[in-house]
Amino acid sequence: MTSEDFVRKFLGLFTDAAFNDESVRLLAGIADTSKDGLISFAEFQAFEGLLCTPDALYKTAFQLFDRQGNGTVSYDNFAEIVQKTELHSKLPFRLDSPFIKRYFGEKKQRLINYAEFTQLLHDFHEEYAMEAFRTKDPAGSGYISPLDFHDIMVNVKRHLLTADVKDNLVAITEGHKVSFPYFMAFTSLLNNMELIKRIYLHATQGNRTEPVTKDELLYAAQTMSQITPLEIDILFQLTGALHHTGRVVYSDLNNIAPEHYTKHITTRLAEIRAVESPADRSAFIQILESTYRFTLGSMAGAVGATVVYPIDLVKTRMQNQRTGSYIGEVAYRNSWDCFKKVIRHEGFLGLYRGLLPQLMGVAPEKAIKLTVNDLVRDKLSDKQGTIPVWSEVLAGGCAGASQVVFTNPLEIVKIRLQVAGEIAGGAKVRALAVVRDLGLFGLYKGARACLLRDVPFSAIYFPTYAHTKALFADEDGYNHPLTLLAAGAIAGVPAASMVTPADVIKTRLQVVARTGQTTYTGVWDATKKIMAEEGPRAFWKGTAARVFRSSPQFGVTLVTYELLQRLFYVDFGGSHPTGSEVHKSKSIDTLNDIRLNADHIGGYRAAVPLLNGIESKFGLFLPRFQSRHQQHTIESSSTGSKKTS
């Protein structure tokens with residue numbers, strides 16, 4: 001391959017017609033270890049192996065500077081590359097400075113090996129910043145103007161600046177001159193943002209949405225690093241300029257820290273952008289977003305209900321078992337006994353008696369619950385995506401209330417079908433017959449008890465799930481499907497158990513009382529009669545079965561819901577489930593947008609990110625376009641060719 005073949009055609013970089021030919025040759029020289037201007041297949045393979053090494057970024061940069069391919073970097077090699085960077089053309093670096101002589105010797109004849117080069121590259125940009133400060137402060141006062149500060153940061157440290165930080169560089173100085181200590185603390189802060197994120201997570205015990213004060217962050221910093229109070233002050237000045245809250249959350253740190261690329265952990269089967277930016281969200285787009293969530297919620301609800309339906313049937317029969325009547329005997333000693341007897345007398349399919357109406361109702365029921373919870377959370381979240389606990393509880397409560405319109409008819413039909421099998425030789429009961437018998441208003445019998453159960457359940461469940469999921473996320477904020485399942489199951493334990501009394505009352509109101517059994521006229525009447533006849537323990541009947549049903553059901557439902565959103569990703573410009581991606585840094589000026597190329601396999605899948613990393617990590621921006629000298633040379637050559645012909 002030629003340099004153009006490798007860089008432009010294979011890697012897909014420098015695709016503009018007026019590309020900088022010299023920059024392309026320099027980048028191709030990383031793989032061209034023989035330095036003959038051509039990349040052989042053996043060199044192509046060797047570079048693929050280098051891309052797979054743990055320190056590939058530093059090794060790639062080293063091969064950029066190793067112009068002779070002999071495993072060392074000379075002063076001439078280093079000076080050649082530095083002088084061709086965009087930064088040197090704007091703020092020239094003194095290549096005869098004491099810093100250079102300390103590394104290459106007084107006569108600049110010392111050769112730098114790979115290990116020493118990594119330290120040289122690290123120290124070089126810090127020295128560059130100090131050199132730029134000295135250039136802007138010729139009198140040696142120790143101060144530079146806000147505009148000079150802006151100029152240095154944009155030129156020397158642009159690879160560390162996000163758009164928000166860049167726009168507020170002058171604002172955070174408040175018009176005052178910038179001292180050298182402030183300048184050094186600012187650059188140190190930008191270099192250590194990943195450490196700052198770890199300090200924040202240490203202060204919040206892993207919670208990414210909890211606001212942290214300056215004192216709390218200072219205390220956490222003292223216990224685990226050498227971040228200075230001045231750096232913390234600057235951090236809060238930056239976040240204050242952006243959001244004016246006086247506290248920081250993890251999303252603030254992501255706004256300050258640069259982002260290189262986003263690694264999608266879950267492969268997407270479909271990816272659609274409905275809007276270019278959140279500002280383009282119209283009412284129609286928001287309706288489409290709710291429809292999208294409703295559809296995925298329906299599918300997730302059906303999967304969750306099917307998985308745990310046998311447990312739900314056992315729970316219902318246990319709750320309907322009464323001891324206050326003259327019959328005086330019980331059909332089932334415990335949940336396990338009930339499970340065995342259903343299989344013995346009704347067969348395995350008896351465990352799924354009433355499943356069809358359950359699936360017909362559970363789809364809209366779970367869908368409306370998930371959709372309303374997401375919708376209310378979106379409305380109550382601030383611009384940074386954070387939401388207070390009371391808002392999470394309110395969103396969950398709204399979700400629980402909204403589902404009752406679907407839940408109550410579903411529950412009453414399901415319950416009557418589930419208990420029908422208890423009567424040996426009884427007539428077969430069908431769902432349509434139950435609906436005709438009850439009528440429209442009868443389908444909402446026990447609705448108040450249903451509200452008493454579903455509103456607190458959701459108010460407990462959704463906030464608990466959100467916080468448990470955040471605790472289970474890895475250090476990059478990603479949730480593996482198993483952690484989603486665990487978070488959903490754990491959140492279901494307190495939610496399901498604490499609302500069991502309301503569920504018992506609802507069940508008693510909705511089943512048909514047999515001869516000799518107590519009948520109830522309403523919630524309060526049922527509460528008094530159950531207490532009088534069976535005691536307080538009766539309100540907790542079926543708690544274990546309810547927990548064992550609700551906990552895994554919601555775990556399966558939530559993990560299915562979030563995985564469907566990952567697999568069939570549609571960007572409506574609103575919020576997305578947290579923990580579905582790993583966010584890495586993204587520089588302001590990169591060689592090219594990072595796109596997956598079908599030809600890039602093995603180590604070459606990392607080639608473009610690593611070549612971008614040479615710029616974004618080390619600030620070694622190479623010119624992308626032809627210089628005026630190059631254009632003049634090309635034009636002259638073209639004119640000469642025409643004259644000859």
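1. Arg8 touches Ser3, Leu13, Phe14, Thr15, Asp16, Ala17, Phe19 and Val24, leaving aside residues up to four places away in sequence, where contact means heavy atoms within 4.5 Å. Arg8 belongs to helix α1, residues 3-10; helices here are DSSP runs of H or I with at least four residues, strands are runs of E with at least two, and both are numbered from the N terminus. The side chain of Arg8 also reaches the backbone oxygen of Phe14 at 2.7 Å.

2. Please keep in mind that this is a predicted model, in which local features need pLDDT of at least 70 and side-chain atom pairs count only at pLDDT 80 or more, while totals for chains, interfaces and linings use all residues. Residues are numbered from 1 along each chain as its sequence is written, and side-chain values use heavy atoms, with hydrogens and water left out.

3. For the chain overall, there are 27 helices and six strands, and 50% of the 645 residues count as buried, meaning under 20% relative accessible area, whereas exposed means over 50% and partly exposed lies in between (1.4 Å probe, protein chains only). Of the contacts with a separation of 6 or more, 74% join residues 24 or more positions apart.

4. The UniProt record, an unreviewed entry, annotates "domain: EF-hand" over residues 53-88 and 124-159; such annotations may be inferred rather than shown by experiment, and positions follow the numbering used here, with feature names shortened. Residues 53-88 are 61% helix and 0% strand, with end C-alpha atoms 30 Å apart, while residues 124-159 are 67% helix and 6% strand, with end C-alpha atoms 14 Å apart.

5. Helix α4 (residues 56-65) packs against helix α8 (residues 114-136) at an angle of about 95°, with the axes 10 Å apart; axes are lines fitted to C-alpha atoms, for helices over the stretch in contact, and angles run from 0 to 180 degrees between N-to-C directions. The two helices α4 and α8 are therefore roughly perpendicular to each other, a label for angles of 65 to 115 degrees, with under 35 roughly parallel, over 145 roughly antiparallel and the rest oblique. The contact involves Tyr58, Lys59, Ala61, Phe62 and Phe65 of α4 and Tyr114, Phe117, Thr118 and Leu121 of α8.

6. Most residues other than glycine have a negative phi. Lys35, however, has a positive phi near 55° and lies in the loop between α2 (21-31) and α3 (41-51), where Lys35 counts as partly exposed at 26% relative accessibility. Glu174 likewise has a positive phi near 55°; Glu174 sits in the loop between α10 (163-167) and β2 (178-179) and is exposed, with a relative accessible area of 64%.

Conventions:
Polar contact = N/O pair within 3.5 Å; in protein donor to acceptor, adjacent residues only side chain to side chain.
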